[in-house]
Amino acid sequence: MRIREPRRLPHAQDLQVRRAVRLQWVSLGAFASVIGVMAMAMGSSQAMKTAWVEDALSLVPPIAFLSAVRVRRKPPSERYPYGHHRVMSIAFLVAAVTLCAFGVLLIGDAIAALIRREHPTVGTVTLFGRQVWQGWVMIAALAYSTVPPVVLGTMKLPLARELHAKVLHADAMMNKADWMTGGAGMLGVVGIGFGLWWADSAAALAISWSVLNDGLRALKTVIEDLMDRAPVPVDGRERFDVVEKIERYVGRLSWVAEHEVRLREEGDVCVGEIFIVPRATDDLPQRLEEVARTARGLDWRIYDLVATALPSLDGRKAERSEGDE
Amino acid sequence: MRPRAIPALIALCASHAALGFTACERFPADPQETTERVARERVLRVGVTEHRPWVQRGPDAEPSGVEVEIVRQLAASRGARVDWSWGQQERLLRKLEEFELDLVIGGIDERTPWQERVALTRPWYDPDAPGAGLPQAPLVFALPPGENRWLGVVERYLAAHEAALARRAAEALR
């Protein structure tokens, strides 16, 4: 079995990966502290409980990322000749499904509470020798809970763009959106304070809806990836021209009559084939190897390319230009 | 788009909080306006169940005991008289859940399964206090669910008289 070459990241990207790993460890610690604070302040508010579950779920993507990064470092082997890097997408699939499942459960919970017309009881706690309404403690906890995710999400986002890592990008976007959870929770508690018992369940419903939405969006991203989709930028802000680079290079070669490129993404790397119809067949093996090697070096995001020669392209070039997306 | 909305949301919450502080008297509110009604009608509707030594039923159906005394004094502090309803505790708690009573007493255990359906106060009796004779769970009063201002009133009263309550509980157990 011919095993793929191990992937080598350029130095700059390698540093970014280390930074991403560090940030995910910090995320784990910070989110754990948020979970602790929320657990202490929770009481019987449905919105607080839902926000707490969402904060617990925020641990899942970093755990998925850190476990996958460990496996991904292994070089391709006899058993996995294509390498181990797809484990990242699989880990994220697990995370996305978990989020969706919990989103559905939480929505059900919130609707049930609304139907049962539960009036949330929020009493007082002893703080510094005085009886203080627990709602204030909840609001403080919710305010704190918005800070670490938003800060960390904002830090992770540029890394995700530079590393062309959709999984990290999805995680960063989820973190950044967490301020809405805290805001909704606070509005729910304030609503209770004004005697609007349903405000609590309504806020819980909004939060659960956002959990489900996060899960569905992540699910869409990872499903597309696992289905070997053609390479696209991580978001509107990434400069992504891998396909064009390869086509321009091959097109300029004098010995190439016609060519076609087929690429897919395997997580954060591009792999694929270059189909060449040569003008002449002298030195063909050496030329094909040269093309593949040079094309691989055009962009750090390209991992593996194979160049092959065909007698003709079977006139299928016209079909390709009708592609969608 | 989104990051710019953060200061707006913070301002929204801060203004809510400010509103809350200014309306401190009525914040948090009672969805069923229990506190207002007690003040307006000057009546406290209390459900009682006999549970020695905390609540005892006299020959003339007049309640007595530590918990009864606490409730009488609480009512007096609110300028209200007490309307006692004797009954089986489950029935009384159900009436409480439906807002037909303002308070239910009778040796209610803090761990009662009713904690999900009605509001329980902080314990007025703490078995960990020195001198407590019989092993007991912490005892609470039950209030209608979600009446958070009323709960605050009762809990503040219990907190303010904490030492006196502990003393009277110890005496009752001797």
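I count two strands as paired if DSSP finds at least two bridges between them. Strands (E, at least two residues) and helices (H or I, at least four) are DSSP runs, numbered from the N terminus.

The model is predicted: local features need pLDDT of at least 70, side-chain atom pairs count only at pLDDT 80 or more, and totals for chains, interfaces and linings use all residues. Residues are numbered from 1 along each chain as its sequence is written, chains are lettered from A and ligands numbered from 1 in the order written, and side-chain values use heavy atoms, without hydrogens and water.

**Sheet, chain A.** I looked up an open sheet of three strands, in the order β3-β4-β5 (chain A), with mixed pairing. Its edge strands are β3 (256-266) and β5 (302-309) of chain A, each pairing on one side only. Strand β4 (residues 269-278) of chain A pairs with β5(A) in the parallel sense, over seven bridges. I found A:V271 opposite A:D304 in β5(A).

**Interface, chains A and B.** I listed contacts (heavy atoms within 4.5 Å). Here 28 residues of chain B touch 25 of chain A. Which elements give two or more residues to the side of chain B that touches chain A? They are α1 (2-22) and α5 (148-160) of chain B. α1(B) gives the most, with 11 residues.
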